[in-house]
Amino acid sequence: MRISVASYNIHKCIGTDGRFDPDRILAVLLELDADIIALQEADMRFGDRRGLLDLGALHLRGNYSAVTDVALRENSHGFHGNVVLYREGSVKAVNLIKLPGMEPRGAIVVDLDLSNGNLRIIAAHLGLLKRSRSRQIEVILKAAQTSQHRPVIVLGDMNEWRIGAKSSLKRFSPHFGPVHSAAASYPARF
């Protein structure tokens, strides 16, 4: 099986220039041209927590479908702002996981059946506190273990700025990896 995956924290469609521009986010998603994309912060943070992207345009222009039935609120795209987009195949199962920590965080676990194989996608947005991230990674590892012989891909905003031995991402070893990063993933400009 050969697929391309991407993860993108769209920061509520606000770019580093401070402009709210969902069309610019849509253009970047189409340019990524990945088979599966995990998005973070795709919903408003407060109020009705409505989704910020035009999922219909994303489907028409890029053939992306969003994993449905994950939103806790009527107008939201995802679960705690997380959205999984895919181009082909069918969703076999979806599970939502509330991740432990000081901030409300979550993960979407999606079992996809593709024409050339099956896999499990775990899309998450980890917390800013190392203690929370460590606990959240343990929960994600448990979700990966119940994969029923499906390859597992973990995607998301890991909010990790430590690299090497001090990184909370080391908890993914030896299950995923080798886990090493050449650069920090937080703050976003990294």
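A residue counts as buried when its relative accessible area is under 20%. By that criterion, 44% of the 190 residues of this protein are buried. The model described here is a predicted one. The protein contains three helices and eight strands, and from the N terminus on these elements follow the order β-α-β-α-β-β-β-β-β-α-β.

**Overall picture**

- The accessible surface of the protein amounts to about 10300 Å², and carbon and sulfur atoms account for 51% of that area.
- Among the contacts between residues at least 6 apart in sequence, 64% join residues at least 24 apart.

**The four-stranded sheet**

- Strands of a sheet pair through backbone hydrogen bonds, and the pairing is either parallel or antiparallel.
- In this protein, four strands form an open sheet in the order β1-β2-β4-β3, and the pairing is mixed.
- Strands β1 and β3 (residues 65-66) are the edge strands, since each of them pairs on one side only.
- Helix α1 packs on this sheet, where it touches β1, β2 and β4; the direction of α1 makes an angle of about 160° with that of β1.
- The pairing of β1 with β2 is parallel and extends over five bridges. Within this pairing, tyrosine 8 has leucine 39 of β2 as its bridge partner.
- The pairing of β2 (residues 36-40) with β4 is antiparallel and extends over four bridges. Isoleucine 36 stands opposite tyrosine 86 of β4.

**Asparagine 9 in strand β1**

- Asparagine 9 belongs to strand β1, which spans residues 5-9.
- The relative accessible area of asparagine 9 is 10%; this value is under 20%, so the residue is classed as buried.
- The side chain of asparagine 9 makes a polar contact of 2.7 Å with the side chain of aspartate 157.
- Apart from its neighbours within four places in sequence, asparagine 9 is in contact with Gln40, Glu41, His125 and Asp157.

**Helix α2**

- Helix α2 covers residues 55-62, and its buried residues are Ala57, Leu58 and Gly62.
- Viewed down the axis of α2, these buried residues fall within an arc of 100°, so they line one face of the helix.
- The elements that cover the buried residues of α2 include helix α1 (residues 22-32) and strand β4 (residues 83-86).
- At the start of α2, a side-chain oxygen of aspartate 54 comes to within 3.2 Å of the backbone nitrogen of glycine 56.
- Asparagine 63 follows α2 and has a positive phi, near 60°.

**Residues in the loops**

- Lysine 12 is located in the loop between β1 and α1. Although lysine 12 is not a glycine, its phi is positive, at about 60°.
- Histidine 80 is located in the loop between β3 and β4. Its phi is likewise positive, near 50°, in a residue other than glycine.
- The relative accessibility of histidine 80 is 29%, and the residue counts as partly exposed.
- Glycine 89 is located in the loop between β4 and β5 (residues 90-99). With a relative accessible area of 38%, glycine 89 is also partly exposed.
- Glycine 89 and leucine 112 are 23 residues apart in sequence, and their C-alpha atoms are 6.6 Å apart in space.
- Leaving out its neighbours within four places in sequence, glycine 89 is in contact with Asp113 and Leu114.

Definitions and conventions
Residues are numbered from 1 along each chain as its sequence is written. This is a predicted model: local features need pLDDT of at least 70, side-chain atom pairs count only at pLDDT 80 or more; totals for chains, interfaces and linings use all residues. Side-chain values use heavy atoms; hydrogens and water are left out. Helices (H or I, at least four residues) and strands (E, at least two) are DSSP runs, numbered from the N terminus. Buried means under 20% relative accessible area, exposed over 50%, partly exposed in between (1.4 Å probe, protein chains only). Contact means heavy atoms within 4.5 Å. Accessible areas come from the Shrake-Rupley method with a 1.4 Å probe; for residues, only the protein chains shown count as cover. The arc is that of the directions from the helix axis to the C-beta atoms. A polar contact is a pair of N or O atoms within 3.5 Å; within protein, one must be able to donate a hydrogen and the other to accept it, and residues adjacent in sequence count only if both atoms are side-chain atoms. Two strands pair if DSSP finds at least two bridges between them. Axes are lines fitted to C-alpha atoms, for helices over the stretch in contact, and angles run from 0 to 180 degrees between N-to-C directions.
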